[in-house]
Structures are given as C-alpha cells and as structure tokens.
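Dear colleague,

Please find the structure below, handed over for your use. My findings follow it.

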Amino acid sequence: MHQPIMPDGMARPAARYAHATLVTNPARWLHLAGQVGIAADGTVPDGVAAQAKVIWHNIALVLAEADMSADDVVSITTYVVAGAAEDGLAQAMAERDTFMSGRLVASTLLTVPALVRPEWLIEIVVVAAA
C-alpha cells in the first residue's frame with residue numbers, strides 16, 4: 001500500500017506531489033537509474049517537454065518489465081538543465097502528472113548546470129514498490 005503523507009501544520013507542496021509516500025509491506029522494490037530522453041532508435045528530441053515524453057514512455061517500459069505500473073511509483077526525482085528549465089518545464093511536469101494519473105508521490109525537482117551529454121536536458125529517477 002502507498003499513502004501520500006501531507007501533514008497539517010506545514011505548507012502545502014509547491015506543485016502536484018506529496019511531502020512523503022508511506023509504503024507498507026512492500027514485497028518488491030525497483031530503483032530505476034536516471035532515465036534520459038533517448039528514443040528506441042537512439043535519437044534525442046529537442047526540448048525538455050519532448051524529452052520528458054520519451055522518458056515517461058521508457059519508464060513505463062521498465063515498470064512493465066518488472067510487472068509494475070505507475071501505481072507502484074513512490075518517489076520521483078527530476079533533474080533539468082538550468083538554461084533549459086524555462087523551455088517546456090511546465091509541459092514536462094504535465095507529462096509527469098499525466099503518467100501518474102493524478103496520484104501524489106514524493107517528488108523533487110532540481111536544476112543542474114548540465115547533464116552528461118549536452119543534448120540531454122532532463123533526467124528522471126523513479127523508485128517503485130509493490
């Protein structure tokens with residue numbers, strides 16, 4: 001069972017996420033490596049939003065391979081290149097919200113000066129429990 005934790009007495013989160021996610025009696029944990037926007041054919045689309053769409057598609061494939069789904073995601077960490085953050089960041093977060101179907105989980109967004117390859121503008125790390 002996954003339960004969002006939103007304590008009274010503290011400010012609400014800045015976006016659509018929970019301050020924490022309580023996982024009760026998980027049988028399996030899945031820690032995904034940071035996913036970047038590389039399509040199956042090896043191409044990297046331009047822009048944060050387009051890369052986010054590819055990333056969430058790839059995350060869905062990894063979850064399915066582990067016999068899991070978005071319902072099992074308990075934590076998301078998103079890294080966005082600082083200079084690209086204004087370019088589609090809201091759309092990238094909308095991609096996350098669509099993937100999560102409105103479920104609130106622990107989530108952190110960071111801007112970074114760069115990722116390993118200059119064409120990569122966003123990287124997403126997910127933890128799932130079932």
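A66 counts as partly exposed because its relative accessibility is 21%; buried means under 20% relative accessible area, exposed over 50%, and partly exposed in between, with a 1.4 Å probe and protein chains only. This is a predicted model, in which local features need pLDDT of at least 70 and side-chain atom pairs count only at pLDDT 80 or more, while totals for chains, interfaces and linings use all residues. Residues are numbered from 1 along each chain as its sequence is written, and side-chain values use heavy atoms, with hydrogens and water left out.

A66 lies in the loop between α1 and β5; helices (H or I, at least four residues) and strands (E, at least two) are DSSP runs, numbered from the N terminus. Leaving aside residues up to four places away in sequence, A66 touches R28 and L30, where contact means heavy atoms within 4.5 Å. R28 is 38 residues from A66 along the chain, and their C-alpha atoms are separated by 9.5 Å.

Turning to α2, the buried residues of this helix are A92, M93, R96, F99 and M100. They lie on the same side of α2, because they cover an arc of only 115 degrees around the axis, the arc being that of the directions from the helix axis to the C-beta atoms. Their packing partners are α1 (48-65), β5 (73-81), β6 (106-112) and β7 (122-129). On the other side of α2, A90 and T98 are exposed. After α2 comes S101, with a positive phi near 50 degrees.

Yours sincerely
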